[in-house]
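Please read the points below with the model open beside you, and look up each residue as it is named.

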Amino acid sequence: MTPGKYNMICPQGATFSKRLTWKISDVAVNLTGYTARMKAKDKYNSTCTPVIDITTSNGGIILGGATGTIDLLVSASDTALIYAKDYVYDLELDSGSQVYRIIEGKFIVTPEVTT
């Protein structure tokens with residue numbers, strides 16, 4: 001499966017939230033029992049610490065079971081610590097037997113003026 005391409009925009013210093021729905025042939029994928037992880041980094045092969053590292057385990061990703069929804073959440077205090085620039089990200093879902101990279105692209109952090 002080829003991942004979808006989508007550029008996300010994250011305002012620095014504001015709460016970042018995004019709801020996605022994973023569908024195959026217009027039918028929501030039942031995500032019951034799945035786990036998920038998403039990272040954003042400077043570049044694809046970077047070995048440095050990700051600026052975003054959210055999972056179902058740390059509460060940054062909430063899966064909606066049979067509805068196929070994927071809620072992403074990063075707090076305002078965490079986005080305030082991210083330098084404003086373009087990063088790359090991907091989002092993976094793990095069924096326990098297979099891992100699917102369902103989406104990838106740029107993670108664009110726009111600068112905060114009001115602090």
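1. A first term is needed before the strands can be discussed: two strands are said to pair if DSSP finds at least two bridges between them. Strands themselves (E, at least two residues) are DSSP runs, as are helices (H or I, at least four), and they are numbered from the N terminus. In the hairpin of strand 10 and strand 11, which has 4 residues between the strands, Gly-96 takes a positive phi near 105°.

2. Please keep in mind that this is a predicted model, in which local features need pLDDT of at least 70 and side-chain atom pairs count only at pLDDT 80 or more, while totals for chains, interfaces and linings use all residues. Residues are numbered from 1 along each chain as its sequence is written, and side-chain values use heavy atoms, with hydrogens and water left out.

3. Strand 1, residues 4-5, pairs with strand 11 in the parallel sense over 2 bridges, with Lys-5 standing opposite Glu-104. Strand 2, residues 8-11, also pairs with strand 11 in the parallel sense, over 4 bridges, and here Cys-10 stands opposite Val-109.

4. Which strands are joined to strand 9 by bridges? Strand 3 runs antiparallel to strand 9 and is joined to it by 6 bridges, with Phe-16 opposite Val-74 in strand 9. Strand 8, residues 61-63, is also antiparallel to strand 9 and is joined to it by 3 bridges, with Ile-62 opposite Asp-71. Strand 8 and strand 9 form a hairpin with 5 residues between them, and Gly-65 in its turn has a positive phi of about 60°.

5. Burial is judged by relative accessible area, where buried means under 20%, exposed over 50% and partly exposed in between (1.4 Å probe, protein chains only). By this rule strand 9 is mostly covered, since 5 of its 6 residues are buried. Thr-69 is found in strand 9, and Thr-69 counts as buried because its relative accessible area is 11%. Contact here means heavy atoms within 4.5 Å; when residues up to four places away in sequence are not counted, Thr-69 touches Arg-19, Leu-20, Thr-21, Leu-31, Ile-62, Leu-63 and Gly-64. The side chain of Thr-69 also makes a polar contact with the side chain of Thr-67, at 3.2 Å. A polar contact is a pair of N or O atoms within 3.5 Å; within protein, one must be able to donate a hydrogen and the other to accept it, and residues adjacent in sequence count only if both atoms are side-chain atoms.

6. A polar atom of the Thr-55 side chain lies 2.9 Å from the backbone nitrogen of Asn-58. Leaving aside neighbours within four places in sequence, Thr-55 is in contact with Ala-36, Arg-37, Gly-60 and Ile-61.

7. Two residues in the loop between strand 4 (23-24) and strand 5 (27-28) deserve a careful look, namely Ser-25 and Asp-26. Most residues other than glycine have a negative phi. Ser-25, however, has a positive phi near 55°, and Asp-26 has a positive phi near 65°. Ser-25 counts as exposed because its relative accessibility is 68%, and Asp-26 counts as exposed because its value is 73%.

8. Lys-43 lies in the loop between strand 6 (35-41) and strand 7 (52-55). Lys-43 counts as exposed because its relative accessibility is 56%. Although Lys-43 and Tyr-89 are 46 residues apart along the chain, their C-alpha atoms are separated by 8.6 Å.
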